[in-house]
Amino acid sequence: MTQPTYFVTDVETNGPTPGVHSMISFACIACRESVGIVDGFEVNLLPLPEMSEHPEVMAWWRTEPEAYAYVNEDQIDASDAMDQWVAWIEQFPVERVFVAHPLSFDGAWMDWYLRRFSGRPLFRGPLKGASLFSDAGLDLPSYAAGKLGISPELMDQHAYPDDWMGGVPHSHRAIDDATGYAHLLLRLLTT
């Protein structure tokens, strides 16, 4: 049996709602239980011109000037970003599991962008078409709560010991956050 590849993904946005606001950065770390981290993908996206910025989210970004400057470097068109990500994902074996912290936020953004720019869903569903991942994703805070016997409401990036996050700071740079969460997943898989 082939071991699944987990794709731990983190997104950064300029608002809370796909289709109203824009995703401005995302990163994805591929890992396997017995191997650890095997590869990573990161891209900064140009905001979609027809979308708006959310004032509260933009006020929060002003409190994170280094991270905001980082997500505005080397931006590319969203269509190109999704094409590159799909090509990167498809080089891995078919048993692929999408993971996010939380799945409800990051997964919604990735699904919306994937459907819009690639015509494919993140997961299989009632509509025909090839999906990139298995039927369901893994919500990392729920998985952590279940493994640790803690209420899911208490599971945020500050709930875990630093070494469980691989010593990677939660910087709001998508690559750092995805890498930290990949370390957390690998730790939980063996706990």
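User: How many aromatic pairs does a search of the whole structure find, and how is a pair of aromatic rings described?

Analyst: A pair of aromatic rings is described by the distance of the centres and the angle of the planes. The search of the whole structure finds 16 aromatic pairs, where rings of Phe, Tyr and Trp (its six-membered ring) pair if their centres lie within 6.5 Å, with planes under 30 degrees apart counted as stacked, over 60 as edge-to-face and the rest as tilted. One of them is the tilted pair of Phe 41 and Trp 88, at 5.6 Å centre to centre and 35° between the planes. This is a predicted model, in which local features need pLDDT of at least 70, side-chain atom pairs count only at pLDDT 80 or more, and totals for chains, interfaces and linings use all residues. Residues are numbered from 1 along each chain as its sequence is written, and side-chain values use heavy atoms, leaving out hydrogens and water.

User: Which parts does the pair of Phe 41 and Trp 88 tie together?

Analyst: Helices (H or I, at least four residues) and strands (E, at least two) are DSSP runs, numbered from the N terminus. Phe 41 lies in strand β3 (residues 36–45) and Trp 88 in helix α3 (residues 78–89), so the pair links parts that are 47 residues apart in sequence.

User: Is Phe 41 buried or exposed?

Analyst: Buried means under 20% relative accessible area, exposed over 50%, partly exposed in between (1.4 Å probe, protein chains only). Phe 41 is buried, with a relative accessible area of 10%, and Trp 88 counts as buried at 9% relative accessibility.
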